[in-house]
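Q: Please take a close look at one part of this protein for me. I would like to see what it is built from and what lies around it.

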Amino acid sequence: MDSAADTASPLNDPNIGKIIAAAVGIAQKKAGKNADEAPLARFIQQFYQGSPPDDLKARTPEALYTAAAAAWAFVQPRKAGTPKIEIAARADKQRTVILVANDDMPFLVDSVSCELERMDAPPQLVIHPILMTRRSVDGELIELLPDAIDGVQGTAESLMHIEIPLHTDEEDV
């Protein structure tokens, strides 16, 4: 299994940095003059921070953009204290993607990964950024903050993008 914790930051690898920059470029191009879409570009960089370089090298910028855009849409509404889960086939239909958003706490990735192993659905890729957010009382995302800003209050949220072997029967997962 690839794990973000097991590798150096892909943003420090010039080849991967170029691929991520190209994915950011796709986001910026699609956003055009729509300021509401501009935060996606920053999210893409935060999303892939600490991700497994070898797996990212195998993907096109369009594929990286597509995965990050799906995760970005997924994290928009989420009430504090309430986990959110989505399971769907990856855009290319090669793997199943599990998205999990939750308040950040210890052992989330380990717990989910162990349960998937127990279910004979071993994680093949885990992308796990910790996002600093500000949300409305209704759970709508107001702002995605940089990692840390002195004096700005945010909440740490765990986002997991986990890829497992393709499952076509929803009851399997």
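A: The largest nonpolar core has 32 residues, and L40, F43, I44, F47, Y48, Y65 and L159 touch the most other members. A nonpolar core is a set of buried Ala, Val, Leu, Ile, Met, Phe, Trp, Tyr and Cys residues joined through side-chain atoms within 4.5 Å. Buried means under 20% relative accessible area, exposed means over 50%, and partly exposed is in between (1.4 Å probe, protein chains only).

This is a predicted model: local features need pLDDT of at least 70, side-chain atom pairs count only at pLDDT 80 or more, and totals for chains, interfaces and linings use all residues. Residues are numbered from 1 along each chain as its sequence is written, and side-chain values use heavy atoms, with hydrogens and water left out.

Which elements give two or more residues to this core? Helices (H or I, at least four residues) and strands (E, at least two) are DSSP runs, numbered from the N terminus. Helix α4 gives the largest share, nine residues.

Leaving aside neighbours within four places in sequence, Y65 is in contact with A23, I26, A27, K30, L40 and I44. Contact means heavy atoms within 4.5 Å.

Now to α2 and α4. Two packed helices are described by the angle between their axes and the distance between the axes. Helix α2 covers residues 39–48 and helix α4 covers residues 61–75; they pack at about 105°, with axes 10 Å apart. That makes α2 roughly perpendicular to α4. Angles of 65 to 115 degrees count as roughly perpendicular, under 35 as roughly parallel, over 145 as roughly antiparallel, and the rest as oblique. Axes are lines fitted to C-alpha atoms, for helices over the stretch in contact, and angles run from 0 to 180 degrees between N-to-C directions.

Which residues make the contact? From α2 come P39, L40, F43, I44, F47 and Y48; from α4 come L64, Y65, A67, A68, A69, A71 and W72. They divide into 13 nonpolar, no polar and no charged. Here Ala, Val, Leu, Ile, Met, Phe, Trp, Tyr, Cys and Pro count as nonpolar, Asp, Glu, Lys and Arg as charged, and the others, Gly among them, as polar.

Helix α2 is largely enclosed by the rest of the structure, because seven of its ten residues are buried. Those seven are L40, A41, F43, I44, Q46, F47 and Y48. Just after α2, G50 takes a positive phi of about 80°.

There is also a second, separate core of ten residues, including L116, A121, V126 and I162. V126 lies in strand β4. Its relative accessibility is 3%, so V126 counts as buried. V126 and I98 are 28 residues apart in sequence, yet 9.6 Å apart in space, C-alpha to C-alpha.

How confident is the prediction? The mean pLDDT of the chain is 86, and 84% of its residues reach 70 or more. pLDDT is the predictor's confidence in each residue, from 0 to 100. Among the elements, β3 has the highest mean pLDDT (97), while strand β1 (residues 2–3) has the lowest (46). Over residues 2–8, pLDDT stays under 50.
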